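Subject: Structure handover

Hello,

Here is the structure I promised. Please open it first; my notes follow below.

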Amino acid sequence: MKFDPTAYGPVVAAILALDGGGERFMPLAEGRCSSPDALKRIQAVSPKVLFPHSRAPEAALSGLYLYFSCREQAHEVAQSIHTPDGAYWHGIVHRQEPDPDNARYWFRQVGSHPVFPELAKMAEAIGLPRHDPQDRWDPFEFIAICDQARRQPDSPLNQLALATQRAEWQLLFDFCARGGSNAF
């Protein structure tokens, strides 16, 4: 299924439309804010206005910043959220930094997140190599895969990691912004 940015309301859909409409491949490492206009629009509105029906508006805000690779802002918001969702966004920020040890710390704080089962299915459909015999999502293995893929930017593994990271973002964003109602 295709991600539907309109499911998050016209303001968020318009912001996402500034760079790929929720389909952008975020870099596995580094990167800079991909849209100064998006950054200005996000900062102009409170999380509760951006995500009025959200179960976790601040967590959704962190994800929106991260989508545009505005990692400093995503990090600032994520570190103020003391929930598994905040820890998850925080872990992704550090995975992309890249700071694998710090990312692993934050994923230990996440525990088993509700998006993991669907993410495992999506990663398998994308073709990402799996190492868990029970087909569970392993965020620590994905940190290692992203680390390896970063060093091989023209490899098939890099493309699989980028596609999986996008699926991860879409699932977690939807979970935070709408409560996991699958907007795609």
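Where is the place of Ser 69? Ser 69 sits in the loop between α4 (57–67) and α5. Helices here are DSSP runs (H or I, at least four residues), numbered from the N terminus.

Two points before the rest. This is a predicted model, in which local features need pLDDT of at least 70 and side-chain atom pairs count only at pLDDT 80 or more, while totals for chains, interfaces and linings use all residues. Residues are numbered from 1 along each chain as its sequence is written, and side-chain values use heavy atoms, with hydrogens and water left out.

Backbone

Ser 69 has a positive phi, near 60°, and is a residue other than glycine. Ser 69 counts as buried, at 4% relative accessibility (buried is under 20% relative accessible area, exposed over 50%, partly exposed in between; 1.4 Å probe, protein chains only). Glu 30 also has a positive phi, near 55°. Glu 30 is in the loop between α1 (10–16) and α2 (36–43). Glu 30 is partly exposed, with a relative accessible area of 45%. Most residues other than glycine have a negative phi, and most peptide bonds are trans. A cis peptide bond joins Glu 97 and Pro 98, with omega about -10°. Pro 98 lies in the loop between α6 and α7.

Helix α6 and its partners

Helix α6 (residues 84–96) packs on helix α10 (residues 156–178) at an angle of about 155°, and the axes are 11 Å apart. Axes are lines fitted to C-alpha atoms, for helices over the stretch in contact, and angles run from 0 to 180 degrees between N-to-C directions. The two helices are therefore roughly antiparallel (angles over 145 degrees; under 35 is roughly parallel, 65 to 115 roughly perpendicular, the rest oblique). On the α6 side, the contact (heavy atoms within 4.5 Å) includes Tyr 88, Trp 89, Ile 92 and Arg 95. On the α10 side, Glu 168, Trp 169, Leu 172 and Phe 173 are among the residues that take part. By class, this contact has 8 nonpolar, 2 polar and 3 charged residues (Ala, Val, Leu, Ile, Met, Phe, Trp, Tyr, Cys and Pro count as nonpolar, Asp, Glu, Lys and Arg as charged, the others, Gly among them, as polar).

Helix α5 (residues 71–78) also packs against α6, at about 150°, with axes 9 Å apart. Arg 71, Ala 74, His 75 and Ala 78 in α5 meet α6 residues including Trp 89, His 90 and Val 93.

Buried positions

Glu 168 lies in α10. Glu 168 is buried, with a relative accessible area of 1%. Its side chain makes a polar contact with the side chain of Arg 95, at 2.6 Å (a pair of N or O atoms within 3.5 Å; within protein, one must be able to donate a hydrogen and the other to accept it, and residues adjacent in sequence count only if both atoms are side-chain atoms). Leaving aside neighbours within four places in sequence, Glu 168 also touches Phe 107, Leu 119 and Phe 142, among others.

Ala 87, in α6, is buried at 3%. Its contacts include Ile 81 and Trp 106.

Helix α8 (residues 116–126) has Phe 116, Leu 119, Ala 120, Met 122 and Ala 123 as its buried residues. Their cover includes α6, α7 (100–110), α9 (139–150) and α10.

Best wishes
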